[in-house]
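Subject: Structure for you, with notes

Hello,

Here is the structure I promised to hand over. Please open it first, then read the notes below.

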Amino acid sequence: MIKKIFLFILNNTNANLSCKIINFFYFFRETKFFFDKQKNLLFAKEKERIRYFSDKMRGFYLYRYGIIFRGIEIAKSYFIDKINFKKDEIIIDIGANYGDLSIYFDKLNVKLICHNFEPEKNAFKALKLNN
């Protein structure tokens, strides 16, 4: 019941206030959430890393355990962590959303050529800022 009330409040408040609420409840986590009014996008910040996103509730969920965790999580879910990438290999990510696979690729310390495609305009706007 408390979870439903919490989600109802987050769903029905503006982005800036939602970020403040989620940060209050996640005060012990390194990742904090903010709203960039000028870009009209939300973002997660973990140390020096920033990830923009357009869907408030989805972004809170995706980055709830951190940006690095998200990159590893998505790589594992697609079994990409089982591939041994070589320098200058080309990656094509169709339906890239916010480009979270690039988080994992950055951790590999292998120079890859990554082409991301995303048809949804707000997600694409965040994708451009993330890559």
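**Helix 6 and what covers it**

Helix 6 has four buried residues: A123, A126, L127 and N130. Buried means under 20% relative accessible area, exposed means over 50%, and partly exposed is in between (1.4 Å probe, protein chains only). These four residues cover an arc of only 105° around the axis, so they sit on the same side of helix 6. The arc is taken from the directions that run from the helix axis to the C-beta atoms. On the other side of helix 6, K121 and K128 are exposed. The cover over the buried residues of helix 6 includes strand 2, strand 3 and strand 5 (113-117).

Some ground rules. This is a predicted model: local features need pLDDT of at least 70, side-chain atom pairs count only at pLDDT 80 or more, and totals for chains, interfaces and linings use all residues. Residues are numbered from 1 along each chain as its sequence is written, and side-chain values use heavy atoms, with hydrogens and water left out. Helices (H or I, at least four residues) and strands (E, at least two) are DSSP runs, numbered from the N terminus.

At the start of helix 6, look at E120. One of its side-chain oxygens comes to within 3.2 Å of the backbone nitrogen of N122.

Three strands make an open sheet in the order 1-2-3, with antiparallel pairing. Two strands pair if DSSP finds at least two bridges between them. The edge strands, each pairing on one side only, are strand 1 (32-36) and strand 3 (49-53). From one strand to the next, the twist averages 30°.

A44 has R51 of strand 3 as its bridge partner. F43 stands opposite Y52 in strand 3. The two strands form a hairpin with 2 residues between them. In that turn, K47 has a positive phi of about 55°.

Helix 6 packs on this sheet and touches strand 2 and strand 3. Its direction makes about 165° with that of strand 3. Helix 2 (residues 15-25) lies across strand 1 and strand 2, at about 170° to strand 1. Axes are lines fitted to C-alpha atoms, for helices over the stretch in contact, and angles run from 0 to 180 degrees between N-to-C directions.

**The cores**

A nonpolar core here is a set of buried Ala, Val, Leu, Ile, Met, Phe, Trp, Tyr and Cys residues joined through side-chain atoms within 4.5 Å. The largest one has 22 residues. F33, F53, F60, Y63 and Y98 have the most contacts inside it. At least two residues each come from helix 2, strand 2, strand 3, helix 3 (56-62), helix 4 (67-77) and helix 6.

What does Y98 touch, leaving aside its neighbours within four places in sequence? Its contacts (heavy atoms within 4.5 Å) include F53, Y63, A123, A126, L127 and N130. R51 and Y52 are also among them.

A second, separate core has 9 residues, including A75, I80, I91 and Y104.

**Single residues to look at**

- T13 is in the loop between helix 1 (2-11) and helix 2. Its side chain makes a polar contact with the side chain of S18 (2.6 Å). A polar contact is a pair of N or O atoms within 3.5 Å; within protein, one must be able to donate a hydrogen and the other to accept it, and residues adjacent in sequence count only if both atoms are side-chain atoms. A polar atom of the T13 side chain also lies 3.5 Å from the backbone oxygen of L10.
- I113 is in strand 5. It counts as partly exposed, at 33% relative accessibility. I113 and I91 are 22 residues apart in sequence, yet 6.0 Å apart in space, C-alpha to C-alpha.
- F79 lies in the loop between helix 4 and strand 4 (90-94). It is not a glycine, but its phi is positive, about 60°. F79 counts as exposed, at 56% relative accessibility.
- D88 lies in the loop between helix 4 and strand 4. Its phi is also positive, near 65°. D88 is partly exposed, with a relative accessible area of 35%.

Best wishes
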